[in-house]
Amino acid sequence: MSELPKPIEEHVQHTLPRKLLHDLRTPLSHILGYSELLIEEMQESGNVEFIPHVEKIRKAGRELVAMMTENFSSK
Amino acid sequence: MHRILLVEDNEMNRDMLSRRLQKRGYEVLIAVDGQLGVEMAQAESPDLILMDMSLPVMDGWEATRSLKAAPETSSIPVIALTAHAMSTDRERALEAGCDDYDTKPIELPRLLGKIEALIGGNRPVRVENNS
């Protein structure tokens, strides 16, 4: 297979991961921020029944952020 | 009560962050683009500005440069908030005059630490947080 032209290779290796990282962080911010806000509000109201479920959403979101950081931060 | 100006164009980020800061005793002012952020900082003299960098009308870098160039707003601490997480993004924000930098998704305890370090003293009411 022939090599990619330099500008395309640069785009695939650097620009795409950077854009993807940025674009994924915005919805992840919403998932994490609202799950943390929900946990706070459930703690305040004493309505703790669903906290473990929301905590799972929050934890999964944090794992995604960690994976993104690990895979893209040096690109 | 300390007043924080949040300059953020994303509605959900505004709602989420302003509610969480208000719970901790901060008064939160809102601007939805960089130009409005500069105007509101001049009019309201907040204690600190949280500046999203990818903003419409005037981006966060230009807004920060404008704030730091004006005598009446130059001393207001600015924390850059961005979904870009490369080391060059941090350098770019600091070069524009930002006093600190944080990445989205926000880790609230980390951001609160930066806010408190810049505003100093008079620690607001804490709400228990699991993050």
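1. Helix α1(B) is followed by B:G25, a residue whose phi is positive, near 95 degrees. The model is a predicted one, and the points below should be read with that in mind.

2. The helix that precedes B:G25 covers residues 11–23 of chain B, 13 residues in total. From its first C-alpha to its last, α1(B) reaches 18 Å, which is close to the 18 Å expected at 1.5 Å a residue.

3. Which residues of α1(B) are buried? They are B:N13, B:M16, B:L17, B:R20 and B:L21. Seen down the axis of α1(B), these buried residues fall within an arc of 120 degrees, so they line one face of the helix. As a general point, an α-helix has 3.6 residues a turn, so residues three or four places apart point the same way.

4. Is B:A43 buried or exposed? B:A43 counts as exposed because it has 10 C-beta neighbours inside 10 Å, and the cut-off for exposed is 12 or fewer. B:A43 and B:E72 are 29 residues apart in sequence, and their C-alpha atoms are 9.7 Å apart in space.

5. The contact between the chains takes 20 residues from chain A and 21 residues from chain B. On the side of chain A that touches chain B, the elements giving two or more residues are α1 (6–45) and α2 (51–72) of chain A. The largest share of that side, 16 residues, comes from α1(A). By type, the residues on this side of chain A divide into 7 nonpolar, 8 polar and 5 charged.

Technical notes
Residues numbered from 1 in each chain as written. Chains lettered and ligands numbered in written order. Predicted model: local features only at pLDDT ≥ 70, side-chain atom pairs only at ≥ 80, totals over all residues. Helix = DSSP H or I, 4+ residues; strand = E, 2+ residues; numbered from the N terminus. Expected span 1.5 Å × (residues − 1). Buried ≥ 20, exposed ≤ 12 C-beta atoms within 10 Å, placed from the backbone. Arc of directions from axis to C-beta. Contact = placed C-beta atoms within 7 Å. Nonpolar A, V, L, I, M, F, W, Y, C, P; charged D, E, K, R; others polar.
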